[in-house]
Amino acid sequence: MNIYLILFLEFFKIGLFAVGGVLATLPFLYDLTEKYDWITPELISDMIAVSESTPGPIGINTATYVGYTAGGMLGGIIASFAIVLPSLIIITIIAKAMAKFKSSPFVESAFSVIRPAVTALILAAALQVLELVIFKTTDFSSAGIAEAINIKTSVLFIILMIASLKSKFHPIAYIGIAAAAGIIFKM
Amino acid sequence: MKEIIRIFTSFFKIGIMTFGGGYAMLPFIQKEIVEKHGWATNEEVIDYYAIGQCTPGIIAVNTATFIGYFHKGLPGAVSAALGVISPSILIITIIAAFIQQFSDAPIVQYAFSGITAAVAVIIINAVIKLWKSGVKNVFGVVIFALALVAEVILNIPTMLIIITAVVLGIVIELVRRARKKGDER
């Protein structure tokens with residue numbers, strides 16, 4: 001089968017079945033390594049590193065990277081479109097239904113529970129990021145807790161946090177300042 | 001047509017500023033979509049996130065599609081989704097083509113250790129905003145605490161937490177109706 005067609009079908013499938021973010025796509029990608037020679041476990045770990053350090057949703061970055069490696073520029077574009085196509089179709093259908101049922105008391109009641117729950121889920125995501133900021137490693141058996149703490153990034157976090165509570169900057173300003181600080185102080 | 005292009009450029013901006021996954025996108029959506037253009041409210045954005053969590057696909061794309069659809073129908077949905085993915089396609093293609101060892105370079109690693117600290121600050125600020133609009137009473141605080149324990153300590157899959165919240169919301173409404181009927185009798 002044509003490589004572009006394979007990329008389209010495989011990434012469409014991932015877009016259709018992976019529910020709940022990038023971690024959910026990983027098992028599907030590892031399945032591909034057993035079927036095709038253009039994707040290997042090493043490529044997947046490379047891709048996670050590249051995706052984490054570039055802008056954009058990780059799922060799209062992954063699709064573009066794997067698609068590019070397998071089928072050049074066109075491969076990257078096809079894989080990226082294929083992974084978003086199921087979302088586009090499903091969300092449009094849900095949005096249509098939602099517009100109709102938005103004022104239903106059941107929908108309102110469901111969302112009154114969902115909102116605080118999602119707020120907590122996002123805090124949990126923040127805590128995960130914070131763990132990466134504060135600790136160099138979470139393996140406390142090899143290094144003591146004091147040694148495991150990354151002082152430079154922890155201090156940067158505290159400074160930025162205080163600054164953000166005192167005055168509001170555009171979020172991109174924090175990213176720029178933090179990147180510069182990271183390079184200057186060799187974090 | 002002008003508005004469709006505006007949707008595309010707004011989501012292109014959001015896509016280019018988002019490091020990490022769907023949650024990291026939230027603060028930029030708040031800034032660009034809620035505060036600047038007023039295409040959705042903070043509450044609506046959380047609702048879309050919640051649905052985006054338990055529907056297939058990438059959360060960032062799901063959320064973008066929702067906002068685009070409710071603002072300008074299907075063309076809006078398509079341009080929002082394309083906008084949010086375009087920066088990735090461009091940047092990753094360039095990186096894959098030219099800089100194979102991109103993420104191994106020390107300067108890149110230093111910069112990203114710094115950026116991680118900024119991302120934590122940005123997400124915490126998003127949580128503060130969401131708390132103000134989404135957690136309005138003691139009941140909300142209890143749900144918030146339960147969800148946090150379920151996610152962080154019990155490691156229950158996120159999708160299951162949201163589905164439980166949906167079921168709970170529906171049950172609460174059913175109980176409310178049953179009580180009302182009882183009172184009328």
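**Figure 1. Chain B and its buried residues.** Start with chain B, where 52% of the 185 residues count as buried. Keep in mind that everything here is a predicted model.

**Figure 2. The helices of chain B.** Look for strands in chain B and you'll come up with 0, while the helices number 7. Going from the N terminus on, you simply pass α-α-α-α-α-α-α. Now for who touches whom: take the contacts in chain B with a separation of 6 or more, and 57% of them are between residues 24 or more positions apart.

**Figure 3. Chain A, helix by helix.** Over in chain A, there are 8 helices to follow and 0 strands. Walk along the sequence and the pattern reads α-α-α-α-α-α-α-α. Chain A has 187 residues, and 43% of them count as buried. As for contacts in chain A between residues at least 6 apart in sequence, 43% link residues at least 24 apart.

Figure 4. Averaged over chain A, pLDDT comes to 83, and 90% of the residues reach 70 or more. Zoom in on helix α7 of chain A, residues 151-166, and you're at the element of this chain with the highest mean pLDDT, 92. Then hop to helix α3 of chain A, residues 41-52, where the mean pLDDT is the lowest among the chain's elements, at 71.

Notes: Residues are numbered from 1 along each chain as its sequence is written. Chains are lettered from A and ligands numbered from 1 in the order in which they are written. This is a predicted model: local features need pLDDT of at least 70, side-chain atom pairs count only at pLDDT 80 or more; totals for chains, interfaces and linings use all residues. Helices (H or I, at least four residues) and strands (E, at least two) are DSSP runs, numbered from the N terminus. A residue is buried if 20 or more other C-beta atoms lie within 10 Å of its own, exposed if 12 or fewer, and partly exposed in between; C-beta atoms are placed from the backbone. Two residues are in contact if their C-beta atoms, placed from the backbone, lie within 7 Å. pLDDT is the predictor's confidence in each residue, from 0 to 100.
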